[in-house]
Amino acid sequence: MTTIGHLINGEMMNNDTRSQAVFNPATGEATKKVALASKQTVEQAIVAAEDAFPEWSKTPPLKRARVMFRFKELLEQNTDKICQLIGQEHGKISHDAAGELQRGIENVEYACGAPELLKGEHSKNVGPNIDCWSEFHPLGVVAGITPFNFPAMVPMWMFPLAIVCGNTFILKPSERDPSSTLFIAQLLKEAGLPDGVMNVVNGDKEAVDTLLNDKRVKAVSFVGSTPIAEYIYTTATANGKRCQALGGAKNHAIIMPDADMDNTANQLLGAAFGSAGERCMALSVAVAVGDEAADALIEKVTEGMKRLSIGEYSTASNDFGPVISAAHCDKVNGFIESAQQEGATIVVDGRNPVVDGFETGFFVGATLIDHVTQDMLSYQAEIFGPVLQVVRVKTMQEAMQLINDHEYGNGTCIFTRDGEAARYFTDNIEAGMVGINVPLPVPVASHSFGGWKRSLFGDLHAYGPDGVRFYTKRKSVTQRWPSSGIREGVSFAFL
Ligand code: NAD
């Protein structure tokens, strides 16, 4: 069985004694192994990244950007291969994987603007013969730690920008679906990136803790679940590192009585069940304002759910695939069970679906639950599966209060025809990303991505302008060149 190793200083290597199985979630079979990096292996990557830093940080931004132009072309040329690797280990259908890759490529395109992004700021004549300017300097060795659910896109939220900003990078991808991430990193070498600038270490807590505790690592970007995000943020910052740690979510959509119910139901189907609900922006709660809206919505969503098809990644007509593991399948089923126990109505039960030819896969079918309330476990927790819950409220204020009271604040949206209601919602809702008739309001690459409350630890959001700030430190220079012949007197004032 193949063992997936690490990419360190431009070479593939694997000297580790520990490894774990990688599964094809559609069949439930272990198909590969992934090496789990020891402290020593991670330290080799840190040394490689540190050694590559002086030269790379002095490389002009335009030359760094040229690598990203070539990298983008290689990503496009290798789309099928990348989608296949994602499908085999994550399980998402190829059209969904292609969408993820495209969003990743958009971050590479943004990074191609490095000369513009790193221009700095200049003020002439801030005083007599005095000019002041700010420069953006790279930090050094920076690390990224990423989740299983977007093995191509989320790493590309991080390394393209970090690298064009002049840093060297160590990526620790999810150990559950590492192949597409590693393949993408290998393309960077082909694109002309010098060895050591980008390194990938596969592994688990041991690898992560080594990165968090090593003084040579200056900053950490993390995306994953909230308990781990909080641990990463506390440990990294206690060790003096800059850190942004994006966590979990519970994304609500408010369905107003005036919403176009056909469109809303169609949008909800994709946003709730797409990628088997394993998206941090998945819409998992529909808050219907009034029983009439709730009944209409449930009728139309139920109707649409009859047409959904689940199965393996390579069948383009499938809408979504399996969840990531047997344990996660049990967890999602457990939340459906607990909702039932606590008095909610299971309108469509997706537990234990029959998927012809894939009977041993980790499948959960699309599930719709009505009469969910705030006190239920399945409402409070992030389910991360193809489960849409409906909460019934009487007013928009009540709906907004529900969202504002939730511990997570990643994305949210409102379906309405009323501009005034939409504006009020946008102004007063406690979430980092807001949609108006847009169910998955993931910002484009030129804006930044991040939630509020316990969906993000740190100050700066991921990618876009915040990404540039995160991966650089500012130096402000104040310069005076007195005109010859002018004698300056002594001054003790703080001018
Ligand atoms: P996870 O937290 O289990 O793992 C994320 C990373 O942390 C992996 O690389 C993993 O190896 C590492 N890790 C896991 N346990 C660790 C530990 N004890 N110590 C140190 N490192 C550890 O997350 P996941 O299951 O891979 O991904 C799903 C989660 O990610 C969901 O909660 C989802 O909402 C979240 N997510 C958030 C965003 C966002 O932008 N906010 C985006 C994608 C996914």
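I counted a polar contact as a pair of N or O atoms within 3.5 Å. This is a predicted model, where local features need pLDDT of at least 70, side-chain atom pairs count only at pLDDT 80 or more, and totals for chains, interfaces and linings use all residues. Residues are numbered from 1 along each chain as its sequence is written, and side-chain values use heavy atoms, without hydrogens and water.

I checked S225 first. An N or O atom in the S225 side chain lies 2.6 Å from a ligand oxygen. At T146, a polar backbone atom is 2.8 Å from an oxygen of the ligand. For G247, I found a polar backbone atom 2.8 Å from a ligand nitrogen. The protein covers 89% of the 840 Å² of accessible area (Shrake-Rupley, 1.4 Å probe) that the ligand has on its own.

Next, the shell. I found 27 residues around the ligand (a heavy atom within 4 Å). The closest are K172, E175, R176, S225 and E382. Domain 1 (3–247 + 455–477) and domain 2 (251–436), bounds from an automatic or database assignment, each give the shell at least three residues.

Definitions and conventions:
Polar contact = N/O pair within 3.5 Å; in protein donor to acceptor, adjacent residues only side chain to side chain.
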